[in-house]
Amino acid sequence: AEANRHYLFGDDDDGAIGGSLDLNIPVRLLHGLKDEDVPWRSSRKLQERLNDCGMQDVTLELMEDGDHRLSTPRDLIRMIRCLEQIILSNANQGELS
């Protein structure tokens with residue numbers, strides 16, 4: 001049960017994230033659907049909370065064969081591609097800082 005809670009959500013539905021976040025950064029959430037420690041719905045909830053706080057570049061990628069560690073070569077390649085996309089996108093926009 002403890003693993004089902006995330007400190008960002010707090011102890012109730014209101015959670016620790018609320019109000020407005022003055023952050024203009026890309027957020028990529030990758031979560032394995034075979035994760036037995038943290039339900040993938042926790043990442044969906046985090047995505048919704050970040051969007052509700054005004055963050056506009058938040059995406060969730062659910063990895064069908066991924067477990068809690070996301071440590072297979074396939075998982076690692078997906079993470080690297082995610083980072084490459086963020087870097088290239090920001091480089092093209094001249095926003096690397």
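Me: Which arginine meets the side chain of glutamate 61 in a salt bridge?
Reply: This is a predicted model, in which local features need pLDDT of at least 70 and side-chain atom pairs count only at pLDDT 80 or more, while totals for chains, interfaces and linings use all residues. Residues are numbered from 1 along each chain as its sequence is written, and side-chain values use heavy atoms, with hydrogens and water left out. A salt bridge requires a side-chain nitrogen of Lys or Arg within 4 Å of a carboxyl oxygen of Asp or Glu. With 2.6 Å from N to O, the partner of glutamate 61 is arginine 78.

Me: How many residues apart in sequence are the parts that the pair of glutamate 61 and arginine 78 ties together?
Reply: Helices (H or I, at least four residues) and strands (E, at least two) are DSSP runs, numbered from the N terminus. Glutamate 61 lies in strand 2 and arginine 78 in helix 2, so the pair joins parts of the chain whose separation in sequence is 17 residues.

Me: Is glutamate 61 buried, exposed or partly exposed?
Reply: Buried means under 20% relative accessible area, exposed means over 50%, and partly exposed is in between, with a 1.4 Å probe and protein chains only. Arginine 78, its salt-bridge partner, has a relative accessible area of 23% and is partly exposed. For glutamate 61 the relative accessible area is 27%, which makes this residue partly exposed.

Me: Which residue forms a salt bridge with aspartate 57, and in which strand does that partner lie?
Reply: The side chain of aspartate 57 meets that of arginine 28, at 3.0 Å from N to O. Aspartate 57 counts as partly exposed at 34% relative accessibility, and arginine 28 does so at 27%. Aspartate 57 sits in the loop between helix 1 and strand 2, so this pair ties together parts 29 residues apart in sequence, the partner being arginine 28 in strand 1.

Me: Which residues are linked in a network of salt bridges?
Reply: Arginine 74 forms a salt bridge with aspartate 65, their closest N and O atoms being 3.3 Å apart. Arginine 74 counts as exposed at 55% relative accessibility, whereas aspartate 65 counts as partly exposed at 45%. The network consists of Lys34, Asp65 and Arg74.

Me: In which order do the elements of the protein chain run from the N terminus on?
Reply: The protein chain has 2 helices and 2 strands. Read from the N terminus, their order is β-α-β-α.

Me: Is the β-α-β crossover right-handed or left-handed?
Reply: Two strands pair if DSSP finds at least two bridges between them, and strand 1 and strand 2 pair in the parallel sense over 6 bridges. The chain crosses from strand 1 through helix 1 to strand 2. A crossover is right-handed if, with the strands pointing away from the viewer, the path from the first strand over the helix to the second runs clockwise. By that rule, this crossover is right-handed.

Me: Which 7 residues make up the largest nonpolar core?
Reply: A nonpolar core is a set of buried Ala, Val, Leu, Ile, Met, Phe, Trp, Tyr and Cys residues joined through side-chain atoms within 4.5 Å. The largest one is formed by Val27, Leu29, Leu46, Leu50, Met55, Val58 and Leu60.

Me: What is the phi of leucine 70?
Reply: Most residues other than glycine have a negative phi. Leucine 70 lies in the loop between strand 2 and helix 2 (73–93), and at 9% relative accessibility this residue counts as buried. Although leucine 70 is not a glycine, its phi is positive, at about 45 degrees.

Me: What separation do the C-alpha atoms of aspartate 52 and serine 20 have?
Reply: Aspartate 52 is found in helix 1 and counts as exposed at 66% relative accessibility. Aspartate 52 and serine 20 are 32 residues apart along the chain, and their C-alpha atoms are separated by 7.9 Å.
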